[in-house]
Amino acid sequence: IFDTVLVGLSLIDVGMTLFAAESKQAMNLTFARVMRLFRFVRILRIVRVMRFFYSFRLMIYSVVYSILCLLWVFGMLLFIMYFFAMFFLHGISEHFRTYYEDSNGEICETQLCSELQRLCGDVFHMVLSLFM
């Protein structure tokens, strides 16, 4: 019943606000805002009841407190991917360099070289290729 009254008062508040905007008159419906405050207090009562669900609260706290460790894991994975991206980019650049030296200064235009250039042309694309 309380929620129905709040919804009804909110609809009246919106209707009066629209009516006041059209007729250039201001109406004061601050009592509806006080009712919203009571609804917030009601939500806080639900939080108080949550202490009876000890195992659920324990799981929620475990997830919240493990977020920092999760961020460190993502940082470590990004570092490992960056390390291998640099390692593979060095190998790819050596491939292009040896091809350039062996072919008397011609640039590699084979399908393999174009795919390497497209997928592994810079660090961002190399990390993205490793991620995929």
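This report looks at a group of aromatic rings and at one pair of packed helices in a predicted model.

**The phenylalanine rings**

Let's begin with the aromatic side chains. Searching the whole structure turns up four aromatic pairs. One of them joins phenylalanine 83 to phenylalanine 84 in an edge-to-face arrangement. Phenylalanine 84 also pairs with phenylalanine 88, and here the planes meet at 40°, so the pair is tilted. The cut-offs behind these names are simple: planes over 60 degrees apart count as edge-to-face, those under 30 as stacked, and the rest as tilted.

| Pair | Centre to centre | Angle between planes | Arrangement |
|---|---|---|---|
| Phenylalanine 83 and phenylalanine 84 | 5.5 Å | 85° | edge-to-face |
| Phenylalanine 84 and phenylalanine 88 | 6.2 Å | 40° | tilted |

Phenylalanine 84 and phenylalanine 88 both sit in helix α4 (residues 67-102), and because they are four residues apart there, about one helical turn separates them. Taken together, Phe83, Phe84, Phe87 and Phe88 make up one aromatic cluster.

**Where α5 meets α6**

Now for the helix pair. Helix α5 (residues 111-120) packs against helix α6 (residues 123-131) at an angle of about 95°, and their axes are 7 Å apart. That angle is why α5 is described as roughly perpendicular to α6, a label that covers 65 to 115 degrees. On the α5 side the contact involves Arg118, Leu119 and Cys120, which meet His125, Met126 and Ser129 of α6.

Methods. Residues are numbered from 1 along each chain as its sequence is written. This is a predicted model: local features need pLDDT of at least 70, side-chain atom pairs count only at pLDDT 80 or more; totals for chains, interfaces and linings use all residues. Side-chain values use heavy atoms; hydrogens and water are left out. Axes are lines fitted to C-alpha atoms, for helices over the stretch in contact, and angles run from 0 to 180 degrees between N-to-C directions. Helices (H or I, at least four residues) and strands (E, at least two) are DSSP runs, numbered from the N terminus. Angles under 35 degrees count as roughly parallel, over 145 as roughly antiparallel, 65 to 115 as roughly perpendicular and the rest as oblique. Contact means heavy atoms within 4.5 Å. Rings of Phe, Tyr and Trp (its six-membered ring) pair if their centres lie within 6.5 Å; planes under 30 degrees apart count as stacked, over 60 as edge-to-face and the rest as tilted.
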